[in-house]
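This briefing goes through the fold, the surface and a few local features of one protein chain. Please keep the sequence and the model in view while reading.

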Amino acid sequence: REFAVPERDYLDVGLSYSFTAGAMRGLAAYLGAENVLDEAPPIFPSWQQANTDPSQYDVLGRSYYLRLQYAVR
C-alpha cells in the first residue's frame with residue numbers, strides 16, 4: 001500500500017527598511033510573518049513526532065519576527 005505525502009503551501013511575508021541618512025544611518029529593520037494563513041500540517045497516524053513530519057511541515061503555526069541590525073560604515 002502506497003502512502004501519498006499531502007501537499008501544503010505556506011505563505012510567508014516580510015519587509016525590510018534600511019536607514020541611509022541621519023542619526024539612524026546604518027540601521028536596518030526586518031519585519032515578517034511565517035505561515036500567515038496558519039495552515040495546519042497533515043496528520044500521519046503512525047508518525048513519531050507531533051503526528052506529522054516536522055522536517056517537511058510547519059508544526060508551530062503562524063509566527064512573527066523582528067530583527068534590527070546596525071552596521072557601522
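**Strands, loop and rings**

Strand E3 is hardly covered: the count of buried residues among its eight residues is zero. Buried means under 20% relative accessible area, exposed means over 50%, and partly exposed lies in between, with a 1.4 Å probe and protein chains only. Helices (H or I, at least four residues) and strands (E, at least two) are DSSP runs, numbered from the N terminus. The model is predicted, with local features needing pLDDT of at least 70 and side-chain atom pairs counting only at pLDDT 80 or more, while totals for chains, interfaces and linings use all residues. Residues are numbered from 1 along each chain as its sequence is written, and side-chain values use heavy atoms, with hydrogens and water left out.

**Overall make-up**

- The protein has zero helices and three strands, and its elements run β-β-β from the N terminus on.
- Of the 73 residues of the protein, 16% count as buried.
- The accessible surface comes to about 6,200 Å², and 53% of that area belongs to carbon and sulfur atoms. Accessible areas come from the Shrake-Rupley method with a 1.4 Å probe, and for residues only the protein chains shown count as cover.
- Among the contacts in the protein with a separation of 6 or more, 57% are accounted for by residues 24 or more positions apart. Contact means heavy atoms within 4.5 Å.

**The sheet**

- The three strands form an open sheet in the order E1-E2-E3, and the pairing is antiparallel. Two strands pair if DSSP finds at least two bridges between them.
- The edge strands are E1 (13–18) and E3 (63–70), each of which pairs on one side only.
- Neighbouring strands of this sheet are turned by 10° against each other on average, direction ignored. The axes behind this angle are lines fitted to C-alpha atoms, for helices over the stretch in contact, and angles run from 0 to 180 degrees between N-to-C directions.
- E1 and E2 (residues 27–34) pair in the antiparallel sense over six bridges. Val-13 stands opposite Ala-33 in E2, and Ser-18 stands opposite Ala-28 in E2.
- E2 and E3 pair in the antiparallel sense over eight bridges. Gly-32 stands opposite Tyr-65 in E3, while Ala-29 has Leu-68 in E3 as its bridge partner.
- In a regular strand the side chains alternate between the two faces of the sheet.

- Asn-35 lies in the loop between E2 and E3 and counts as buried because its relative accessibility is 1%.
- Not counting residues up to four places away in sequence, Asn-35 touches Tyr-10, Leu-11, Asp-12, Asp-58, Gly-61 and Arg-62.
- Phi of Asn-35 is near 55°, a positive value in a residue other than glycine.
- Asp-38 is also found in the loop between E2 and E3, and has a positive phi of about 55° although it is not a glycine.
- Most residues other than glycine have a negative phi, and most peptide bonds are trans.
- Asp-38 is partly exposed, with a relative accessible area of 40%.

- Asn-51 is placed in the loop between E2 and E3 and counts as partly exposed because its relative accessibility is 41%.
- Asn-51 touches Pro-42, Ile-43 and Phe-44, not counting residues up to four places away in sequence.
- Asn-51 and Pro-41 are 10 residues apart in sequence, and their C-alpha atoms are 9.1 Å apart in space.
- Gln-56 is likewise in the loop between E2 and E3. Gln-56 is exposed, with a relative accessible area of 57%.
- The C-alpha atoms of Gln-56 and Pro-41 are separated by 9.0 Å, with the two residues 15 residues apart along the chain.

**Aromatic rings**

- The structure holds one aromatic pair. Tyr-17 and Phe-19 form this pair, which is edge-to-face at 4.9 Å centre to centre, with 80° between the planes.
- Rings of Phe, Tyr and Trp (its six-membered ring) pair if their centres lie within 6.5 Å, and planes under 30 degrees apart count as stacked, over 60 as edge-to-face and the rest as tilted.
- Phe-19 is partly exposed, with a relative accessible area of 26%.
- The charged end of Arg-67 sits over the ring of Tyr-30, 4.1 Å from the ring centre. A charge sits over a ring if NZ of Lys or CZ of Arg is within 6 Å of the ring centre and within 35 degrees of the ring normal.
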